[in-house]
Structures are given as structure tokens and as C-alpha cells.
Amino acid sequence: MEVIIKEKKYNYTSDYPDGWQFSSGDYFKTAVEIANYKCFIKRFEYVKPQDLSGWEYLNKLKYKFEPCLPKVYDIVTVEENRKQVHYVFYESLKGSTLNIRCQDNKPINLQRLSKDMFSAVQSIYTYGYWFADFCEKNIFCEDNGRFLLLDLDSVQPLNKPPSNDMYGNKDYWVLVFNFYRHIINRQEIKLADISGISLNHLQIIFLILNLKIFSQDHQLEYMSPDVFENLPVTLQSLDPRFGNLFSLVLEESAVGNFSYKFEDIQQLITEKIISREIIYPPLELVLTEEILEPVPEMSEPADSHHGREVILPAKQEPVQEKVPLPEVYTELAPAYNYRPLIPAEDTVEDEPVMPAEEEKTRSGTESPEYELTADDQ
């Protein structure tokens with residue numbers, strides 16, 4: 001096949017499946033040498049372009065440079081074994097994903113991370129999209145210190161607000177909506193009430209806060225529920241302006257007007273999170289909302305942080321009570337109870353057979369996966 005890299009044409013012969021790896025429905029191969037260039041290649045056979053929300057966006061990125069996004073050298077469609085197969089050629093990056101850096105306890109420049117993440121989502125926004133799969137495994141830290149967003153085929157058009165059936169990790173979705181419901185008492189908020197780009201801006205706040213707390217004490221397990229699930233409470237304890245910001249974003253999303261500047265959010269993050277010497281998660285939580293019935297324990301797959309949901313039980317009489325955090329998790333059912341996504345048998349359609357070691361789909365959420373409840377939509 002013919003591949004264009006930096007305005008020059010080169011011949012490439014695929015050696016699939018030798019040395020190719022599989023993840024989330026796609027095959028990929030790293031550090032593939034084409035002429036003097038090293039490429040990261042994704043191969044789409046089971047998933048069709050029309051099923052990828054970001055396929056058109058990838059084509060718009062070809063031959064262009066965008067800050068804090070990997071270069072898309074070319075996209076080529078060929079026929080293999082009487083099937084159309086699509087290859088996406090990215091630049092090869094040197095470094096590691098953010099989740100790996102956390103596992104290895106490597107230092108993370110939070111100021112640079114904040115700057116680069118806002119730059120990346122703004123670049124996506126200029127093309128008319130937002131990033132639906134925001135999580136540590138899709139953030140890459142180059143050896144030179146630059147951070148980039150990966151998995152660009154999962155972007156969504158701006159005219160599509162957040163929805164339960166969108167493909168992607170929903171950890172940071174849940175933190176944003178829990179902040180609205182349980183910190184600033186916007187109990188009736190729905191997923192579609194916030195624009196995708198505004199959701200991205202608010203997710204970055206929680207990412208930086210999560211990493212700040214982790215960087216203070218590497219004895220903590222990264223993404224520990226005791227810390228992660230309490231981030232909305234921690235955030236509001238730092239400065240009430242965060243609550244004001246969330247309220248402003250919600251009000252402006254309702255009218256399609258966005259007067260707030262992401263630079264102001266960056267400044268608030270720097271001042272109240274990054275520049276603080278140490279951040280202590282609250283030792284107590286003052287409840288000014290409903291005390292809810294305990295929810296029975298439910299089994300979760302090993303990847304229990306991937307794609308969370310929020311279940312809203314029946315409303316009860318509001319009370320005000322000071323509760324120690326270790327005892328509160330089973331009572332705050334909306335914030336901390338999650339349910340596996342199990343499709344109804346009569347709605348499951350025949351799908352292409354995926355490799356047995358990791359069956360996943362790109363048309364919606366990953367599997368195993370969790371969803372936000374129907375009440376949220």
C-alpha cells in the first residue's frame with residue numbers, strides 16, 4: 001500500500017498478524033519503520049469507519065499538526081482476504097501513558113499537564129468535536145515532558161451531548177455529575193444538560209486534583225476509592241469558586257452560550273490545586289442532602305473503575321448530619337453505587353467475532369463496562 005508521510009509517498013506492506021497487539025476492538029503495532037520514520041499503526045477490520053464517531057475527524061487531521069495531539073500521517077484502505085481493511089498511520093511517540101507513570105511512581109509535571117490537556121481539548125473543539133474517552137490510559141507523556149491525548153477515533157461531534165451509549169471510560173464523567181448533584185444540589189441534572197467540551201474542561205480539574213493528592217503520598221493506591229470517590233467533596237473544600245464555576249457552566253450550556261474562558265479555569269487550578277503545598281481530603285463530610293438506604297453489595301469486574309454509573313434511589317426527607325467518611329460510602333448511594341451493564345437478550349445483535357482474549361465493541365461502551373442510569377439521560 002502507498003502511505004504519505006510528510007508529503008512524500010512510501011510503500012508499506014502489512015505484516016499482520018505478526019507482532020500485532022489487540023485492544024478495545026482494534027489491532028495495533030508500535031514503532032513500525034517506514035523509510036526513516038517510526039509509526040504507530042491501528043488496523044480496523046472488525047469495526048467499520050461508519051461505526052467510529054471520530055473517523056471523519058481523523059481524516060481532517062491528516063497531514064496537519066495540532067498541539068498536544070499525535071500527528072496522523074495518513075489513512076489507507078486496502079482489501080485483504082476479500083475484506084476492506086483500514087489502516088491509520090500515526091507518528092510514533094517516545095514515553096508512556098499517564099496510568100503507567102502513576103503505577104511506576106514517576107514524577108508528573110501537573111502545571112504542564114494542565115496546560116497541555118486544555119490545549120488538546122481546545123484543538124479538538126476547533127474542528128467541532130469533544131473528547132468522550134477522557135482517562136489516564138489515553139493521556140501520553142513524552143520523554144520531553146509534553147502530554148498528548150490519544151485514541152482520537154473516540155471523539156464525538158459537538159452537536160452530540162454526553163450520552164450513556166457513547167464509547168469510553170466514564171470515571172471522570174461521574175465525578176463531574178456527582179459534584180453537581182451532591183455538592184451544589186443540582187439533583188435534576190441530566191447528561192445532556194452539559195456540552196461535551198464543558199465536560200472536558202471540568203474533567204481536567206478532577207484529573208489534576210486526583211494526581212495532586214496521589215503525588216503527596218505514593219503509599220496511596222492510585223484511583224483508590226477512598227480518595228477518588230470523595231474528590232467532589234475535596235474540590236469544594238478548596239475554594240467555593242469551583243462551585244460557582246460548575247454552576248456557570250451548567251447555566252451557559254442550557255442557552256448554548258460559553259462566556260467563561262478556559263484560561264480562567266487553568267488559573268484557578270494552578271492557584272488552588274497545583275500551588276498548594278498539600279491537600280488533605282476531608283476527614284468528615286457534612287451532609288445537607290438525603291440520607292439514603294444502604295445499597296446491597298454488588299460484584300464488579302477487576303477493572304472496577306471503568307465506566308461508572310450513578311443510581312438515584314427514591315427521595316427521602318432531607319436531614320443534616322455529620323458523618324465520618326469511613327461510614328458514609330454505603331449511605332451515599334447516588335455517589336458510590338454502580339451497576340454492571342448487561343444488555344437485554346432480545347436487544348443483542350449479531351456482531352463480528354472478536355479475538356477471544358479480549359472481546360470489546362467500539363459502537364458503544366467497552367465490555368465489561370458500567371453505565372450511568374437511564375435517569376441521567
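Mentor: Let us begin at a helix contact, where Ile205, Phe206, Leu209, Asn210 and Ile213 in H5 meet Leu231, Pro232, Thr234, Leu235 and Leu238 in H7, a contact being counted when heavy atoms lie within 4.5 Å. By class, the residues of this contact are eight nonpolar, two polar and no charged, where Ala, Val, Leu, Ile, Met, Phe, Trp, Tyr, Cys and Pro count as nonpolar, Asp, Glu, Lys and Arg as charged, and the others, Gly among them, as polar. Before going further, note that this is a predicted model, in which local features need pLDDT of at least 70 and side-chain atom pairs count only at pLDDT 80 or more, while totals for chains, interfaces and linings use all residues. Residues are numbered from 1 along each chain as its sequence is written, and side-chain values use heavy atoms, with hydrogens and water left out.

Two packed helices are described by the angle between their axes and the distance between the axes. Helix H5 covers residues 196-216 and helix H7 residues 231-238, and their axes come within 11 Å and cross at roughly 90 degrees. That makes H5 roughly perpendicular to H7, a label for angles of 65 to 115 degrees, whereas those under 35 count as roughly parallel, those over 145 as roughly antiparallel and the rest as oblique. The axes are lines fitted to C-alpha atoms, for helices over the stretch in contact, and the angles run from 0 to 180 degrees between N-to-C directions. The element names come from DSSP runs numbered from the N terminus, with helices (H or I) of at least four residues and strands (E) of at least two.

H7 also packs with helix H8 (residues 241-255), at an angle of about 110 degrees and with the axes 6 Å apart. H7 and H8 are therefore roughly perpendicular to each other as well. In this second contact, Leu235, Gln236 and Leu238 of H7 meet Phe242, Gly243 and Phe246 of H8, and the residues divide into four nonpolar, two polar and no charged.

A search of the whole structure finds two cavities of 30 Å³ or more, and the largest cavity holds about 60 Å³ of space. On a 1 Å grid over the protein atoms alone, a cavity is a set of points where a 1.4 Å probe fits but cannot get out, a pocket is an open set with protein on both sides within 12 Å along at least five of seven lines, and lining residues have an atom within 4 Å of a point. Grid points are joined across faces, edges and corners, and a volume is the space filled by probe spheres set on the points. By class, the lining has seven nonpolar, two polar and one charged residues.

For contrast, consider an open space elsewhere. The second largest pocket has a volume of about 580 Å³, and of the 22 residues that line this pocket, Phe28, Phe40, Lys42, Leu150 and Asp151 are the closest to its centre. The elements that give two or more residues to its lining are E4, strand E5 (37-44) and strand E7 (83-91), and E4 gives the most, with four residues. The lining has nine nonpolar, six polar and seven charged residues.

These strands belong to an open sheet of five strands in the order E3-E4-E5-E7-E6, with antiparallel pairing, where two strands pair if DSSP finds at least two bridges between them. Strand E3 (21-23) and strand E6 (72-80) stand at the edges, each with a single partner strand, so one side of each has no neighbour in the sheet. The twist from one strand to the next averages 30 degrees. E3 is joined by three bridges to strand E4 (residues 26-34), running antiparallel, and Phe22 stands opposite Tyr27 in E4.
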